[in-house]
Amino acid sequence: MSAAELDALFGDAWDEKNPVGHTAVLAADERREMLAAGERVLDEYGLNAEFVPVAHGGRLERADRLAEVLRTVWRRDPCLGLGYGLSSLIASVNVWTTGDEEQCRRTARLLLANRRIAAAFHELAHGNDFAHAECAARPDGGGWLLSGRKEIVTNLRRAEAMVLFARTGPAGSRGHSQFLVTRDELPAARLRDLPRYHSSGMRGVQLGGVEFDDCPLPGDALIGTPGQGVEVALRSYQITRSVGAAMFAGPLETSLRLAIRCSLDRRLYGGKAADLPYVRAAIARAYADLLAIEAFSSVILRALHLAPESMGVYAPAAKYLTARMLLDAFADLRAVLGARSYLRQGQYAMFQKLARDIAPATFAHVSLSAALVTLLPQLPRLARRSWLSGPAAPPSLFDLGGDLPALSLDRLSAGMPRQDGIIGALAEISGDASPHDSDPVRRFTARYADELRRLRDECATLGPADLAIDASPAAFALADRYTVVLAASSVLAVRRHDESVLLGALDRLTERTGGPPVLSPAEREETERRLFDEAVTRYLDDRPLFLNSNGAVV
């Protein structure tokens, strides 16, 4: 089964009689329900098999394929993407990376039977700060007794199993563990479901909570060894954060299509809205953002296979920057739709739902500030030991769609990476590029080589006080700049065939670093004109707006 086959199962999104089309999705959102017909489609497709490694009977072998399939779901309905799909993936990767054979078999059986697994990690008092979670499990004979609360957990009541994160020792990196349990092995008298949490976005997703009171857990529920919980999460989240960075582009593509449709249909000042330079530029820039996100996230997904030892820095960087770009692109498109972007009825109503759904998706799992905090302690080491001196990643990392070895989860590491091959590729290709070159691509290359040198010098001097959550704003700004340089290095190394795509993506990224523009006004106008025309042509031809496997626009 492929992403194209899944898309065919969903049918025509604009068909009002389609039980999984826009009309049905919006009606379920108004009822604050998951789209039941959509879940049946995903059952038929066997979406959960995408989360199960091939060795355990599933289809999980390539991260880019997984992201493509999930992006297809998120393009139709982010509630289905989270409530049916991503929540089970977030839970199950902890088992695949660390669980024993029996735990892997149990997890595979559940998922392949279209069952759900919840990731019971969060507590309202601590958010993403798992190291201070208070829900605790203490040894009791051959098992454990669990007490405390878990809150804001997707599918907690609907899930047949859960991966629990609980304190099993003193505070610190070795003070927590993970447990895999099924509902039917927990005594009902020892746990209590809390009322559902309602939200403004992802309204159909059931967010729940549970309170445990000396609830017994079997001894074989422990994943890995006691005190390994944070380490397991750090390794596992490298997969889900990387996949999420690519997956979130699905709603942006749908919103781009809505904005293009509106610009062609809406009449303003005696003509179409699409005739206005501002509207054309806004659509072109959002399209450039979409393509930059896709190129960057595709490289990161390939790094899961080819450079897993570097994912401790690449995964949070991708999560952070793609989320920022996504929110900014939605803001640009909202300006195109105007008041229509808030309507909950009519042909553009899907935009307001996607805008509401994508907001929590960008901070759920890990907040943007938490992603930067993950990066901060790694930057001084990379600046001193790798940037401008370390080896470049192999060309295969940037060969989108090229062959990949099977995903090897045991190569993921919770430690700090020693090399940064993507940045090494920038240093390698910059050569004698000059900011005064007539070729705009070479000017961008020179700009980012200079940005890298300044970033290296500033990151190398970061002290201990600037490597944690209470770091200075300047330190956080350095981490932000690193993510932009990393994305630009990826875009430059991929080198798409269409120059307007390359220049548009680099121009949008460069706006985030400050300083004078690289493109002249005439070059920017021409780039945006070509991007707008390309996006409209593909919309009218009902073709995808993403890249193909060779790095060219499809």
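Analyst: Rings of Phe, Tyr and Trp (for Trp, its six-membered ring) are taken as a pair if their centres lie within 6.5 Å, with planes under 30 degrees apart called stacked, over 60 edge-to-face and the rest tilted. This is a predicted model, in which local features need pLDDT of at least 70 and side-chain atom pairs count only at pLDDT 80 or more, while totals for chains, interfaces and linings use all residues. Residues are numbered from 1 along each chain as its sequence is written, and side-chain values use heavy atoms, with hydrogens and water left out.

The pLDDT, the predictor's confidence in each residue from 0 to 100, averages 92 over the protein chain, and 97% of the residues score at least 70.

By the ring rule there are six aromatic pairs. One of them is stacked, because the rings of Trp387 and Tyr482 have their centres 5.4 Å apart and their planes at 15°. Since Trp387 lies in the loop between α13 (379-385) and α14 (421-430), and Tyr482 in helix α16 (residues 473-494), the pair ties together parts that are 95 residues apart in sequence; helices here are DSSP runs of H or I with at least four residues, numbered from the N terminus. Both Trp387 and Tyr482 are buried, meaning under 20% relative accessible area with a 1.4 Å probe, protein chains only.

Elsewhere, one aromatic cluster is formed by Phe121, Phe165 and Tyr237.

Charges also sit over rings, which requires NZ of Lys or CZ of Arg within 6 Å of the ring centre and within 35 degrees of the ring normal. Arg59 lies over the face of Tyr45, at 5.0 Å from the ring centre, and Arg261 lies over the face of Trp14, at 3.8 Å from the ring centre.

Note on methods
Helices (H or I, at least four residues) and strands (E, at least two) are DSSP runs, numbered from the N terminus. Buried means under 20% relative accessible area, exposed over 50%, partly exposed in between (1.4 Å probe, protein chains only).
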